[in-house]
Amino acid sequence: MDELDLVTWPPEPIRTERLVLRASEGRDRTAFIELLASPEAHTYLGGPRARDELERETPEVPERWPGSFVVDLDGTMIGQILLRRATGHRRPAAVGKADLGYLFLPRSWGNGYAAEACGAALGWLDGVLPGEPVVLTTQTANTASMRLATKLGFTEVERFEAWGSEQWLGMRPPVTPSGRG
C-alpha cells in the first residue's frame, strides 16, 4: 500500500493568511462545474469539458477523494489542489512520486492564491510524509505555471513532447526533518 493512501483523509482544514484548503462539500458543485467547463482554465489542459455533460455527471459532492483540496476564499471555492501518486505518468523520472496539480477559476488569477495554496499543500505533505519528493508537469507555453513552479522550489528535470505540445517536468527535492534534502 502507498504511503499517500495511509494519510488520514480528509485532514483538518489547512489555513493560510487568506485561504482555507479543505475537503470538497456539496456547496462546491457549481464551482467545480464552472472550473471544469472554463476554456481559460483549460487552455493548457486539452480544453474544457461540456457544461451539460458536467451537469449530468458531477456528483452532489464532487472530487471528494484523498489528495483533492478545495481552495476556499471567504467561504467560496476558487480552485482545486491535487496531490496524488504519479503512477501512470509518461516520464520515468516522475513515476511513484507525489504529483502536484492545481486549477483555479480565472476570476481569482493574479492575486497570488495559487502560490499560497500550493505552498500550504506542500507544507502539509512535508508534515505527513517527510522526505517525499514532488513532481509537477506543465506545458512550456504556460509561462505563469512555470513561474509558479520555480517559486515553489521545483527545478527542471526534463522537457518532452506529449499531447501535441512541449511539456516541462519539474521536481521539488524532498524536505527532511532537518531541512531541505
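**Note on the predicted model: helices, pocket and ring cluster**

1. Exposed means over 50% relative accessible area, buried under 20%, and partly exposed in between, with a 1.4 Å probe and protein chains only. Helices (H or I, at least four residues) and strands (E, at least two) are DSSP runs, numbered from the N terminus.

2. This is a predicted model, where local features need pLDDT of at least 70, side-chain atom pairs count only at pLDDT 80 or more, and totals for chains, interfaces and linings use all residues. Residues are numbered from 1 along each chain as its sequence is written, and side-chain values use heavy atoms, with hydrogens and water left out.

3. Which residues of H5 are buried? They are Ser145, Met146, Leu148 and Ala149. Seen down the axis of H5, these residues fall within an arc of 160°, so they line one face of the helix. The arc is that of the directions from the helix axis to the C-beta atoms. The cover over the buried residues of H5 includes S5, H4, S6, strand S7 (155-162) and S8. After H5 comes glycine 153, with a positive phi near 100°.

4. Threonine 150 belongs to helix H5. Its relative accessible area is 54%, and it is exposed. Threonine 150 and methionine 171 are 21 residues apart in sequence, with 9.7 Å between them in space, C-alpha to C-alpha.

5. Helix H2 has its own buried set: Ala31, Phe32, Ile33, Leu35, Leu36 and Ala37. These buried residues pack against H3, S3, S4 and S5.

6. The largest pocket has a volume of about 1500 Å³. Of the 50 residues that line it, Ala41, Leu45, Tyr102, Leu103 and Asn142 are the closest to its centre. A pocket is defined on a 1 Å grid over the protein atoms alone: it is an open set of points where a 1.4 Å probe fits, with protein on both sides within 12 Å along at least five of seven lines. Lining residues have an atom within 4 Å of a point. Grid points are joined across faces, edges and corners, and the volume is the space filled by probe spheres set on the points.

7. Which elements give two or more residues to the lining of the largest pocket? The helices are H2 (29-37), H3 (51-57), H4 (113-128) and H5 (143-151). The strands are S4 (76-85), S5 (98-104), S6 (134-139) and S8 (165-172). S5 supplies the largest share, six residues. By class, the lining has 22 nonpolar, 18 polar and ten charged residues. Ala, Val, Leu, Ile, Met, Phe, Trp, Tyr, Cys and Pro count as nonpolar, Asp, Glu, Lys and Arg as charged, and the others, Gly among them, as polar.

8. The structure holds three aromatic pairs. Rings of Phe, Tyr and Trp (its six-membered ring) pair if their centres lie within 6.5 Å; planes under 30 degrees apart count as stacked, over 60 as edge-to-face and the rest as tilted. One of the pairs is tryptophan 9 with phenylalanine 69, edge-to-face at 4.9 Å centre to centre and 70° between the planes. Tryptophan 9 lies in the loop between helix H1 (3-6) and strand S1 (14-15) and phenylalanine 69 in strand S3 (residues 68-73), so the pair ties together parts that are 60 residues apart in sequence. Phenylalanine 69 is buried, at a relative accessible area of 1%.

9. Tryptophan 9 also pairs with tryptophan 124: ring centres 5.6 Å apart, planes at 75°, so edge-to-face. Tryptophan 124 lies in helix H4, so this pair joins parts 115 residues apart in sequence. Tryptophan 124 counts as buried at 15% relative accessibility. Ring pairs link Trp9, Phe69 and Trp124 into a cluster.

10. Look at the backbone too. Most residues other than glycine have a negative phi, and most peptide bonds are trans. A cis peptide bond joins tryptophan 9 and proline 10, with omega about -5°. Glutamate 63 has a positive phi, near 50°; it lies in the loop between H3 and S3. Aspartate 74 has a positive phi near 55° and lies in the loop between S3 and S4. Glutamate 63 is partly exposed at 27% relative accessibility, whereas aspartate 74 is exposed at 73%.

Technical notes:
Contact = heavy atoms within 4.5 Å.
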